Amino acid sequence: MASSRSVMLQLLLVVAAALAAAPCVLSDPSPLQDFCVADLKAAATVDGFPCKPASTVVDDDFFSAVMVAPPSTKNPFGVNSTRATVSAFPGLNTLGVSITRTDLAPGGINPPHSHPRGSELVLVVKGEVMVGFTTSSNVLYSKVVKENELFIVPRGLQHYQLNVGTGDAVFMAMFDAQSPGLVVPTLGLFATKPAMPMEVLTKTFLLEADEIDVMKSKFVGF
């Protein structure tokens, strides 16, 4: 019969093996072929997109000019995000990467949001941007990030970017997912269809219904 010491050693080895394998399951799975260009017109969908037949794949499937168009930050938040995810760049399908360019007007903010399927690596290419995220313990980590500096936001955590410089700011956000997802709490509360029950909102924010109506009016059209 195995001793308690050997059983404990075996258990520790199993746990160590599980931890070592964890990074493999926390991001998009590894592809099983050279590429799988997304067939965005396919009738059948899976967790992602089915592949185009290899015989129909062309050079431009691996190229995107989605970020060439000049962005506009003329909105209440002073922000514009141009996303190169799989739905806009089919060549990313199954590769587990995507990228977003975000432009911020002076004082502009990318409001608190989260990406449930991807961690975010922020590279500031112009200006100064305060980047911050909150943990599940309600701890805030933030830093003013300058040109050519980086800041990492762990997967699924709520975060924001605020232009604290004197001019326009631009940053690139790189994700370890072809479609990291986007959850914006303010829109998820005040701009849902159908509308969130008023009782839920009044009891959550300790406000009266007319005060909630004022809040909701600010997000009409988003």
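**Around one aspartate**

Tutor: Setting aside its neighbours within four places in sequence, Asp 103 touches Pro 71, Thr 73, Gly 78, Val 79, Asn 80, Ala 169 and Val 170, where contact means heavy atoms within 4.5 Å. This is a predicted model, so local features need pLDDT of at least 70, side-chain atom pairs count only at pLDDT 80 or more, and totals for chains, interfaces and linings use all residues. Residues are numbered from 1 along each chain as its sequence is written, and side-chain values use heavy atoms, with hydrogens and water left out.

Student: Is Asp 103 buried or exposed?

Tutor: Asp 103 sits in strand 2 (residues 98–104); strands are DSSP runs of E with at least two residues, helices are runs of H or I with at least four, and both are numbered from the N terminus. The scale is relative accessible area with a 1.4 Å probe, protein chains only: under 20% is buried, over 50% exposed, and in between partly exposed. Asp 103 comes out at 8%, so the label is buried.

Student: Which side chain makes a polar contact with the side chain of Asp 103?

Tutor: The test is a pair of N or O atoms within 3.5 Å; within protein, one must be able to donate a hydrogen and the other to accept it, and residues adjacent in sequence count only if both atoms are side-chain atoms. At 2.8 Å, the partner of Asp 103 is Arg 101.

Student: What handedness does the link of Cys 36 and Cys 51 have?

Tutor: Cys 36 is buried at 3% relative accessible area, while Cys 51 is partly exposed at 34%. The angle about the S-S bond is -105°, and the link is left-handed.

Student: How many helices and strands does the protein have, and what pattern do they follow?

Tutor: The count is four helices and nine strands. Read along the sequence, the pattern is α-β-β-β-β-β-β-β-β-β-α-α-α.

Student: What share of the residues in the protein is buried?

Tutor: The protein has 222 residues. Of these, the buried share is 27%.

Notes
A disulfide is a pair of cysteine sulfur atoms within 2.5 Å.
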